[in-house]
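Please examine the sequence and the structure below.

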Amino acid sequence: MELLTDLFNSSADFEVVGTSDVAEGGVSGLAKTKAEILLLDLVLPDRGGIEILAALQESHSKVKTVIYSGLSSDLIRICLLYTSDAAD
(Lines give C-alpha, C1' and ligand atoms only; values in the text may rest on other atoms or scores of the structure.)
Protein backbone atom coordinates (compact mmCIF):
# COMPACT_ATOMS: atom_id res chain seq x y z
CA MET A 1 0.00 0.00 0.00
CA GLU A 2 2.89 2.35 0.69
CA LEU A 3 3.99 2.10 -2.94
CA LEU A 4 0.51 3.06 -4.20
CA THR A 5 0.32 5.93 -1.72
CA ASP A 6 3.69 7.26 -2.86
CA LEU A 7 2.70 6.87 -6.51
CA PHE A 8 -0.51 8.89 -6.12
CA ASN A 9 1.10 11.48 -3.87
CA SER A 10 3.75 12.10 -6.54
CA SER A 11 1.06 13.30 -8.94
CA ALA A 12 -0.42 16.79 -8.80
CA ASP A 13 -3.74 15.30 -9.97
CA PHE A 14 -4.32 13.20 -6.83
CA GLU A 15 -4.34 13.66 -3.08
CA VAL A 16 -4.37 10.62 -0.82
CA VAL A 17 -6.84 11.40 1.97
CA GLY A 18 -6.53 8.12 3.86
CA THR A 19 -5.30 4.56 3.84
CA SER A 20 -6.14 1.39 5.74
CA ASP A 21 -4.97 -2.21 5.79
CA VAL A 22 -8.35 -3.41 7.06
CA ALA A 23 -11.92 -2.97 5.85
CA GLU A 24 -13.36 -1.27 8.91
CA GLY A 25 -10.65 1.40 8.89
CA GLY A 26 -11.27 2.10 5.23
CA VAL A 27 -15.05 2.24 5.55
CA SER A 28 -14.97 4.56 8.56
CA GLY A 29 -12.25 6.68 6.91
CA LEU A 30 -14.31 6.99 3.75
CA ALA A 31 -17.22 8.31 5.79
CA LYS A 32 -14.98 11.04 7.24
CA THR A 33 -13.48 12.25 3.94
CA LYS A 34 -14.70 13.59 0.65
CA ALA A 35 -12.90 10.91 -1.32
CA GLU A 36 -13.81 10.62 -4.97
CA ILE A 37 -11.91 7.41 -5.71
CA LEU A 38 -11.48 4.28 -3.60
CA LEU A 39 -8.78 1.70 -4.30
CA LEU A 40 -10.13 -1.58 -2.96
CA ASP A 41 -8.34 -4.90 -2.56
CA LEU A 42 -10.69 -7.86 -2.80
CA VAL A 43 -8.85 -9.76 -0.07
CA LEU A 44 -8.66 -8.05 3.31
CA PRO A 45 -7.99 -9.67 6.69
CA ASP A 46 -11.26 -8.64 8.34
CA ARG A 47 -13.83 -8.60 5.52
CA GLY A 48 -14.21 -9.51 1.85
CA GLY A 49 -13.82 -6.77 -0.73
CA ILE A 50 -17.01 -7.74 -2.56
CA GLU A 51 -19.01 -7.41 0.64
CA ILE A 52 -17.48 -3.97 1.19
CA LEU A 53 -18.15 -2.92 -2.40
CA ALA A 54 -21.81 -3.93 -2.16
CA ALA A 55 -22.26 -1.97 1.07
CA LEU A 56 -20.45 1.09 -0.30
CA GLN A 57 -22.61 1.16 -3.42
CA GLU A 58 -25.55 1.85 -1.14
CA SER A 59 -23.93 4.28 1.30
CA HIS A 60 -21.31 6.00 -0.92
CA SER A 61 -22.71 5.57 -4.42
CA LYS A 62 -20.84 8.58 -5.85
CA VAL A 63 -17.39 7.22 -4.93
CA LYS A 64 -15.68 5.58 -7.92
CA THR A 65 -14.05 2.29 -6.98
CA VAL A 66 -10.95 0.76 -8.53
CA ILE A 67 -10.50 -2.89 -7.61
CA TYR A 68 -7.05 -4.39 -7.44
CA SER A 69 -6.09 -7.84 -6.31
CA GLY A 70 -3.76 -10.76 -6.70
CA LEU A 71 -6.77 -12.96 -7.45
CA SER A 72 -7.22 -14.58 -10.84
CA SER A 73 -8.82 -12.53 -13.60
CA ASP A 74 -11.71 -15.03 -13.83
CA LEU A 75 -12.59 -14.51 -10.18
CA ILE A 76 -12.40 -10.76 -10.60
CA ARG A 77 -14.77 -10.95 -13.59
CA ILE A 78 -17.26 -12.87 -11.44
CA CYS A 79 -16.95 -10.20 -8.77
CA LEU A 80 -17.57 -7.43 -11.28
CA LEU A 81 -20.62 -9.25 -12.66
CA TYR A 82 -21.92 -9.56 -9.10
CA THR A 83 -21.76 -5.81 -8.63
CA SER A 84 -22.59 -4.60 -12.16
CA ASP A 85 -26.35 -4.32 -11.55
CA ALA A 86 -25.79 -1.77 -8.81
CA ALA A 87 -23.44 0.24 -11.04
CA ASP A 88 -25.96 0.55 -13.92
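A nonpolar patch on the surface is formed by Phe14, Ile37, Leu39, Val66 and Tyr68, with about 400 Å² of accessible area together. Patch residues have over 30% relative accessible area and no salt bridge, and nonpolar side chains are joined within 5 Å; areas follow the Shrake-Rupley method with a 1.4 Å probe. A salt bridge places a side-chain nitrogen of Lys or Arg within 4 Å of a carboxyl oxygen of Asp or Glu. Strands E1 (37-41) and E2 (64-68) each give two or more residues to the patch. Val66, found in E2, counts as partly exposed because its relative accessibility is 40% (buried is under 20%, exposed over 50%).

The model is predicted: local features need pLDDT of at least 70, side-chain atom pairs count only at pLDDT 80 or more, and totals for chains, interfaces and linings use all residues. Residues are numbered from 1 along each chain, and side-chain values use heavy atoms, without hydrogens and water.

The largest nonpolar core has nine residues, including Ala23, Leu38 and Ile52; its members are buried and joined through side-chain atoms within 4.5 Å. Helix H3 (49-59) supplies the largest share, three residues.

| Item | Value |
|---|---|
| Space in the largest pocket | about 890 Å³ |
| Lining of the largest pocket | 35 residues |
| Given to the lining by H2 (the most) | six residues |

A pocket is an open set of points on a 1 Å grid, with protein on both sides within 12 Å along at least five of seven lines; lining residues have an atom within 4 Å of a point. Among the residues closest to the centre are Val16, Gly18 and Ile37.

Terms used: Patch = residues over 30% accessible without salt bridge, like charges linked within 9 Å, V, L, I, M, F, W, Y side chains within 5 Å. Helix = DSSP H or I, 4+ residues; strand = E, 2+ residues; numbered from the N terminus. Buried < 20%, exposed > 50% of the residue type's maximum accessible area, 1.4 Å probe, protein only. 1 Å grid on protein atoms, 1.4 Å probe; cavity = no way out; pocket = protein on both sides within 12 Å on 5 of 7 lines; lining within 4 Å. Points joined across faces, edges and corners; volume = space filled by probe spheres on them.
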